[in-house]
Amino acid sequence: MADPDLIRGYAQAIVAIAEAEGEPERVEDELFAFSKAVESNGELRQALTDPALPVERKRAVIDEILGDRASQATRNALGLLVEQGRARELTKVVQQVAELGARHRSHAVAEVRTAVPLDPGRQQQLAAALSNATGKEIELKNVVDPSVLGGVTAQIGDEVIDGTVRTRLEEAKELLRSR
């Protein structure tokens with residue numbers, strides 16, 4: 001398990017670079033999307049974490065995937081993690097980057113899982129509802145998760161708000177059993 005101080009240090013460096021480049025939110029969003037792709041793709045995860053694969057090849061994999069769709073700051077941040085042998089901690093570092101960035105803007109990050117991508121209007125509505133529920137300004141990170149049949153699950157720090165169809169059906173089933 002990686003040292004939390006080490007993860008925080010990498011995250012702070014990435015946030016500082018993103019802010020210096022003038023695009024902290026873009027870098028956060030791009031890193032978040034890339035880390036979710038790595039989490040869901042075993043082959044990609046293996047390529048980035050394989051100690052036998054040269055760093056140059058790992059950087060090439062990142063560039064092939066991101067191309068011009070990601071900022072140079074994002075590609076540099078990912079390159080730094082790969083060069084330092086920290087690709088295994090990518091998800092933790094990216095989560096810390098999002099939290100540091102949100103805290104810097106006095107916001108909280110909500111990782112929202114849905115069956116389909118949310119359009120910007122729905123994202124705004126959900127962010128407003130979560131802001132009302134938590135009393136915090138919310139920055140939404142949408143993760144498309146096919147296991148979510150319908151509804152939404154939101155995680156804000158340690159707090160989980162589960163509004164999925166599956167959970168509601170389970171609750172109804174329990175209620176019927178208890179009668």
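Predicted model: local features only at pLDDT ≥ 70, side-chain atom pairs only at ≥ 80, totals over all residues.
Residues are numbered from 1 along each chain as its sequence is written, and side-chain values use heavy atoms, with hydrogens and water left out.

**The chain as a whole**

- The chain has eight helices and four strands, where helices (H or I, at least four residues) and strands (E, at least two) are DSSP runs numbered from the N terminus.
- Reading from the N terminus, the order of elements is α-α-α-α-α-α-β-α-β-β-β-α.
- Along the principal axes, the C-alpha atoms fill a box of roughly 60 × 35 × 30 Å.
- Of the 179 residues, 39% count as buried; buried means under 20% relative accessible area, exposed over 50%, and partly exposed in between, with a 1.4 Å probe and protein chains only.
- L66 belongs to helix α4 (residues 55-66), and L66 counts as buried because its relative accessibility is 10%.

**The largest pocket**

- A pocket is an open set of points on a 1 Å grid over the protein atoms alone, with protein on both sides within 12 Å along at least five of seven lines; a cavity is a set where a 1.4 Å probe fits but cannot get out, and lining residues have an atom within 4 Å of a point.
- The largest pocket has a volume of about 380 Å³, a volume being the space filled by probe spheres set on grid points joined across faces, edges and corners.
- This pocket is lined by 20 residues, and Q95, E99, V109, Q155 and G157 are the closest to its centre.
- Two or more lining residues come from each of α2 (24-40), α6 (90-104), β1 (108-114) and β3 (151-156), and α6 gives the most, with seven.
- The lining has eight nonpolar, six polar and six charged residues; Ala, Val, Leu, Ile, Met, Phe, Trp, Tyr, Cys and Pro count as nonpolar, Asp, Glu, Lys and Arg as charged, and the others, Gly among them, as polar.

**The second largest pocket**

- At least two lining residues each come from α2 and β2 (138-144), with α2 giving the most, six residues.
- By class, this lining divides into six nonpolar, three polar and six charged residues.

**The cavity**

- The structure holds one cavity of 30 Å³ or more, and the largest cavity has a volume of about 40 Å³.
- Its lining is made up of F34, L48, L78, L81, V82, A87 and L90, which divide into seven nonpolar, no polar and no charged residues.
- Helix α5 (residues 72-83) gives the largest share of this lining, three residues.
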